[in-house]
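Let's take a walk through this protein together. Have the sequence and the 3D view open, and we'll go from the big picture down to a couple of single residues.

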Amino acid sequence: MTDARDPSTHSGNDTVVTAASASLAATEPVLLNTEARSQWWDVWDQFRSHKGALIGAGFFILIVALVVLGPYFWPLEATKTNIRSRNQGMSFTHPFGTDQLGRDIFARMIEGGRVSLAVGMAAMLLSLVLGTLIGVLAGYFKRLDGLLMRLTDLFLALPLLPLLLVMVLLFREPLTAVFGVEMGIFILIVSAIGITSWMQTARIVRGDVLALKEREFVLAARSIGTPPRRIITRHILPNVLSPIMVSATLGIATAIITESALSFLGLGFPPDFPTWGRLLNDGVPYLQQYPERVFWPGLAISLVVLSINYVGDGLRDALDPRIRGR
Amino acid sequence: MLTFTIRRLFFAIPTLLFIALAIFLLLELAPGDPMANVPLTVPDEVKEQMRQALGLNEPAPVRFLLWIRQFFWVEPLNVFDHMFGTTFAEGELRIISWQNRAPVFIAIAERIPQTLWVVGTAYVVAILIAIPVGIYSAYKQYSIFDQAGTFVTMVGFSVPPFFSGVLVIVIFAVQLQWFPSIYDTRHAVTDWDSFVIQVRQMFLPVMVLALQITSQLSRFMRASMLDNLNQDYVRTARAKGLKETAVVLVHVLRNSMIPVVTVIALGIPAIFGGAIITEQVFKVNGIGQLLITAIQANDLPMVQTLTFIFAVLIVLFNLIADVLYGILDPRIRYD
C-alpha cells in the first residue's frame, strides 16, 4: 500500500505515461494523460494508507446501511409490544433479545440508530453552516471581525451542557405543540446542539480565510472587479473545504454523544421513541438482571463515534498537503 | 504583563455581564412559576404579598439588576458574615431556591465538597497518568506502546461516560463485587477502615472520569512533545553530550509543558462544574446532580445561579491560562 505513495515509483509512472503520449501525438501538449488525475485521487491514496481510517469508514458505512435499509428487511416492529415474549435472551427470532414489554431489541436498535444518526448529521450540518458563515464573514470582512470573534469567545465561555439542558427544558413544550412530539423534539435537539457547537469551526475557518485573503489569486480576482460574494464562493470556500470536512466528521461524533447524553439524562426524546441514548437509559434499571440491554446501545454509540474519530484522523492527514505524498 | 492582566480583567467584566444577561433572558422564557405549589386555599391577597416578597412583580430589567446585586454583593457579604461572625448582610434578601425555600448558596456549599473530592481526584490521577504516557509515546513515536496508547486514547474519546460508567458498574460492582456501585455521600472518614471504604467507593467514578481526561491530556502532551523533539536546541543539547534523560526530561519536557499547563488550567472549571453525567451514573450528589434535579424541578433561581457560577469559573480560568502562558513562555508576551 505504501509504495503507491513512494515518490520514485510515482515519477517513474509519469515518465512512462508522458513518453507514451508523446510518441502517440507528438504535436499535442505533453500533459494529456497525467492531467486526468485530480488532487482528490491523491487525497484518497493518502486516506487509504491510514488503516484505522479505512476500517472506520467501512464500519460507519455498514452501520448507516444497516439502519437505513434495516426496517425493510427486518420483519419485527420497534414499537410493537408482546407481553408473552418479554425479557427473552438472544435467539434467532430476537438476535438481541426482547425488553420488559416484549419489544424486539434489534428492531429498536435499528430504529434508534436512524434517529441518533439523523440527529448527528443534521446537527453537524447546522453547526457547520453557522461556523463557516461566521468564520468566513469574520475572516473576510475586517469590520465584522472584532464583533464576531467576541461573540465566538462568549459562546466558548458558556457552560454548554447545563445550557443545553435548560434549552431543552424550556422549549420542549412550545415546539412539540407546533410540530408534533417527534418532529418538535428533533428540531429542538438538532438546533440546540447546532447552536452550541459551531465555535471551533468558525475559529479554524477564520484563521484560514485570513491567510487566503492575502494570496495572489484573491488579489487578482479582486483587481478585475469580482464582488466579495463571488470571491468567497469561488475562491475562498473551495480552499477552506478541508478543515471544514475534518470538523464535519468530528461534529457528527460530538453531536451523537451529546444527543445520547441528553436522552440519558431523560431530557431528550420521549420514552416510547427509541434512540441509542434512550435505549441505554431504559436499560439501566435492568442492569443487574439483563446487562446486555445497556451493552448493545452503548456499544453502538461507542463504535460509531470511534469509527468517525478514526475517519476524521485519516482525513486530517489526507487533506494536509504537507503530510500527503510523504 | 501586569497591564495585560489588568486589561484582560477589565474585559472579563462585560463578558460576564453579557453571559449573565443571556442566562437571565433564556430563563425569562421559562414557564415555571414559584407559586405553582402554593395550596389553593391560600387567599389571593396573601399570594400577591408572597409574590411581592419574592420580587416577581418587578419588570425584567429591575429583577436582573436585583439578581446581579444579590449575586455579587449580598452573597459575598453573607460569606463574610459567616467567616467573621459579623452582621453586615442582615435584612438583605438572598437568592432563594424555589425547591426548598432555602438560600441557593447553602445548597451549593453542601454539594461542593463531594464534587471536588471525586472530580478533583480524577483530575489529579489523570494528570499523573497522562504526562508520562504522553512523554513516552512521543519519544518512541510509532512504537507498539505509542500505537496502543493512541488506540486507548481514541477509545477514551469515543466511549461516552454514561456507557463506560455503566460498564464498569456491571463488571466491578455487579459481577466481581469489588467496589460499591453507588457513592454514599454521608460516609464520614474517621479512621483507617472508613478511609478504605471511602477509597473503594470513589474508585469507579474516578476511574471513569480519569480515563476521559487522560485521553485528552495525553494526546495533547504527545503532540506538544513531538513539536519540540525536532527543534534545533534538542540537537544542540545532544551534540554537547548531554545524557538522553537530561535532554528529554529537562530540555524538551520543560518546553512541552507550557501549552499542557494552560490546557490543564482550562480544564479546572470542569472540576467545579462537576461531571454532570458521571455524577448521575454513580449517584454522587455533587454540583452536577444538584443542577439536574433543579432543572427537573423547575427551580429557576438555582439553575440560574449554578449556570452563572460555571460561566464565572470558565471566564476566570481562561484568564488564568492566558496569563500563565505569558509567564511561562516569554516569546508570547502580550504587551
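**From the outside in**

Start with the surface: chain A exposes about 16600 Å², and 65% of that comes from carbon and sulfur atoms. Keep in mind as you look around that this is a predicted model.

Chain A has 326 residues, and 46% of them count as buried. What is the chain built from? Its secondary structure comes to 13 helices and zero strands. So if you trace chain A along its sequence, the pattern reads α-α-α-α-α-α-α-α-α-α-α-α-α.

How do parts of the sequence meet? Take the contacts in chain A with a separation of 6 or more: 67% of them are between residues 24 or more positions apart.

Next, hop over to chain B and zoom in on the backbone. Find helix H6 (161-175) and helix H7 (192-229); B:Gln177 sits in the loop between them. Its phi is near 55 degrees, which is a positive value in a residue other than glycine. Is B:Gln177 buried or exposed? B:Gln177 has a relative accessible area of 59%, and because exposed means over 50%, it counts as exposed.

Keep going along chain B to the loop between helix H10 (276-282) and helix H11 (287-296), where you'll find B:Lys283. Phi of B:Lys283 is near 55 degrees too, again a positive value in a residue that isn't glycine. With a relative accessible area of 45%, B:Lys283 falls between the 20% and 50% cut-offs, so this one is partly exposed.

Note on methods. Residues are numbered from 1 along each chain as its sequence is written. Chains are lettered from A and ligands numbered from 1 in the order in which they are written. This is a predicted model: local features need pLDDT of at least 70, side-chain atom pairs count only at pLDDT 80 or more; totals for chains, interfaces and linings use all residues. Side-chain values use heavy atoms; hydrogens and water are left out. Helices (H or I, at least four residues) and strands (E, at least two) are DSSP runs, numbered from the N terminus. Buried means under 20% relative accessible area, exposed over 50%, partly exposed in between (1.4 Å probe, protein chains only). Contact means heavy atoms within 4.5 Å. Accessible areas come from the Shrake-Rupley method with a 1.4 Å probe; for residues, only the protein chains shown count as cover.
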